[in-house]
Amino acid sequence: MKIIDNTLDMLRCQYNYQLGQRFEWFEQRFCSRDRCSLVVCHIPELKDKPNRFSQQATLTQLKKDRPWYKSIHSQVLQEVPKKVELAFDRWLKGDVNGKRSGKPRFKAKGQYKTFTYPQFKKEHFANDKITLSKIGTVKVIVHRQIPDGFDIKTVSITKKSDGYYVTLSLEDKTVPTIKPDFDINNIVGIDVALIDFIVTSDDERISAPKFLRKAERKLKSAQRRISRRKKGSNRRKKAIVELGKQHKKVADTRKDFHFKIANTLLKKYDVIAVEKLNIKGLAKIRLAKSINDAGWGQFISILSNKAENAGLKVVAINTNGTSQECSSCGTKVKKPLSQRMHNCANCKVSLCRDLNASLNIKARGTHALKAQIMSSMKSL
């Protein structure tokens with residue numbers, strides 16, 4: 001395991017160096033002033049923009065200047081410029097949806113946690129052992145056997161607080177692409193909340209488990225243990241590992257809960273209408289801890305992925321007015337967050353605020369889905 005730690009640290013140094021090259025190029029092309037003196041101003045010689053391929057080309061010279069980098073497999077080292085380019089482009093250009101990420105940061109010691117073998121031979125993984133180039137044969141705990149006919153495409157090694165994890169990416173070209181096959185009438189609307197994790201339009205409720213709140217006492221105790229230890233000591237390092245394990249346990253339990261709820265919903269319904277939430281914005285309000293504890297963003301992501309793999313559908317709709325609008329007559333009934341009942345003066349309907357919202361979500365989801373189907377039929 002010491003070899004893996006050394007590999008991660010060397011990759012971290014290379015990541016920081018190549019990210020620094022990108023920042024240097026970027027800063028040369030931008031100036032905080034809108035005009036300069038022709039006499040005093042010095043215009044530096046502009047360098048070519050670093051890219052993935054130009055930075056990969058420098059790795060040969062790197063191994064000559066720093067021979068210890070020869071202990072890393074060449075393809076593993078070539079993955080570093082890919083990570084740098086992805087982080088840099090997401091900051092400047094955004095992802096496929098145009099959503100930009102924050103400015104990439106240099107990674108401190110221990111923050112670079114994953115490296116990948118982009119090509120891997122299946123025979124190097126047998127029984128409970130895996131052979132990693134330049135590292136050696138490592139014993140692993142196999143959670144699931146590789147199905148017959150599948151080829152291993154990539155292997156990723158990740159360091160976590162409770163040990164090292166191996167992630168295999170598999171491919172089988174004989175597996176057919178799943179085509180959407182759902183009943184448009186078998187639809188449900190779900191409203192995510194903090195008291196109840198979800199409330200469906202069929203008035204089914206699942207209570208919020210509040211995993212972080214329940215673990216707060218243990219987390220505070222582990223954090224105090226760190227603060228009492230001397231900085232840089234082995235006892236402090238062990239205490240940090242224990243705190244990491246506690247946080248990982250909370251995250252894993254929450255993720256397992258999300259998978260189980262998603263499976264339950266997809267077994268019962270073909271189409272699920274959800275709210276298009278601004279999680280980052282919601283996480284800035286006074287209920288931030290409870291919102292992060294619920295993990296709505298992770299749940300909707302899991303639900304969407306599993307629905308797509310099953311040929312089902314998740315429809316995200318606009319959230320504006322789902323709680324204020326009456327699901328029976330459409331009248332807007334303004335009420336504060338503390339008011340948990342929806343009482344309409346127009347049609348005299350009285351029901352739970354969250355149930356009213358889920359009924360509105362279902363109605364909007366049905367309308368949006370029919371509009372999508374109509375537009376696709378016109379394009380044909």
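Visitor: How much space lies in the largest cavity?
Guide: About 40 Å³. A cavity here is a set of points on a 1 Å grid over the protein atoms alone, where a 1.4 Å probe fits but cannot get out. Grid points are joined across faces, edges and corners, and the volume is the space filled by probe spheres set on the points. This is a predicted model: local features need pLDDT of at least 70, side-chain atom pairs pLDDT 80 or more, while totals for chains, interfaces and linings use all residues. Residues are numbered from 1 along each chain as its sequence is written, and side-chain values use heavy atoms, without hydrogens and water.

Visitor: How many cavities of 30 Å³ or more does the search find?
Guide: One, in the whole structure.

Visitor: Which residues line the largest cavity?
Guide: Among them are Thr7, His73, Phe115, Tyr117 and Lys134. Lining residues have an atom within 4 Å of a point.

Visitor: New topic. What order do the strands of the open sheet take?
Guide: The order is 1-5-6, with antiparallel pairing. Strands are DSSP runs of E, at least two residues, numbered from the N terminus. Two of them pair if DSSP finds at least two bridges between them.

Visitor: Which strands stand at the edges?
Guide: Strand 1 (114-117) and strand 6 (163-171). Each has a single partner strand, so one side of each is left without a neighbour in the sheet.

Visitor: And how many bridges join strand 5 to strand 6?
Guide: Nine; strand 5 covers residues 151-160.

Visitor: What stands opposite serine 156?
Guide: Threonine 167, in strand 6.

Key. Helix = DSSP H or I, 4+ residues; strand = E, 2+ residues; numbered from the N terminus. 1 Å grid on protein atoms, 1.4 Å probe; cavity = no way out; pocket = protein on both sides within 12 Å on 5 of 7 lines; lining within 4 Å.
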